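Let's take a friendly walk through a protein model together. Have the sequence and the 3D view ready as you read.

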Amino acid sequence: MKKFVSLLGIALLTFAVLNAEESKIAMYAKAEAGYYSGGAKIKTDLGGSLLNKQDVTFPISGLEVTPTFGLTLPVVFEQNFGTLKMGAEVQVPVVIGNYPYGTTTGNALIIDPGLMIIENYYLPQIMPKALQKLNAKVGVGFSVPISIVTTETFSETGVGFKLNFLLGLQYDFTKHISANIDWNLGTFGVLSSSIRAGVSWRF
């Protein structure tokens, strides 16, 4: 399942890049920041406090910063109820956070590169122009989180796999600049969620 999802994402992104000039694909960059709540499953003996290494889930929360590069794909459906535009994004969320460890806290760093397919919905042209600049979006994708947890007595690293889902809103202020806010849910393993806000720049 992991290999199929990964290959499908790579194939879609490769197709988009190879056909960018012919299809006039719009490229954009996005920067977001927000609050992350989730966790990391890491095989550890907690610095020798366990007899053997075992899977331990660390509840992590903290600041999430997410640089993103995206492509608007040449898949557009225009109907009386509005317009649907498909896109693909490469996201690299970085979480700087902490987790409870005994009576103190430990530090955590999560780097979570992944791919997401986005569907944007724009209101029909009969609506006021100001509302036509607003679009709702949903997304589905996968990522490979690399988690590092540390205390004074140990430091451990783990690699996982997540299925991700997104719900969001975007407002196009100009041809190039947009503001956006979204909610992200990570499943398949340790559950996580984050709320992000930021800006996009279309090239």
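We will look at the strands, then the core, then the pocket.

This is a predicted model, in which local features need pLDDT of at least 70, side-chain atom pairs count only at pLDDT 80 or more, and totals for chains, interfaces and linings use all residues. Residues are numbered from 1 along each chain as its sequence is written, and side-chain values use heavy atoms, with hydrogens and water left out.

Start with strand β7 (residues 134-143), which is joined to β6 by nine bridges and runs antiparallel to it. Here strands are DSSP runs of E, at least two residues long, numbered from the N terminus, and two strands pair if DSSP finds at least two bridges between them.

Now turn to the largest nonpolar core, which has 13 residues. Such a core is a set of buried (under 20% relative accessible area, 1.4 Å probe, protein chains only) Ala, Val, Leu, Ile, Met, Phe, Trp, Tyr and Cys residues joined through side-chain atoms within 4.5 Å. F58, I60, Y99, V149 and F154 have the most contacts inside it. β1 (26-44), β2 (54-79), β4 (94-101) and β5 (104-111) each give two or more residues to this core. Apart from it lies another core of five residues, including L71 and I117.

Finally, which residues lie nearest the centre of the largest pocket? They are T72, K85, Y122, Q170 and R202, out of 25 lining residues. A pocket is an open set of points on a 1 Å grid over the protein atoms alone, where a 1.4 Å probe fits, with protein on both sides within 12 Å along at least five of seven lines; lining residues have an atom within 4 Å of a point. β2 gives the most to this lining, with four residues.

Notes: Buried < 20%, exposed > 50% of the residue type's maximum accessible area, 1.4 Å probe, protein only.
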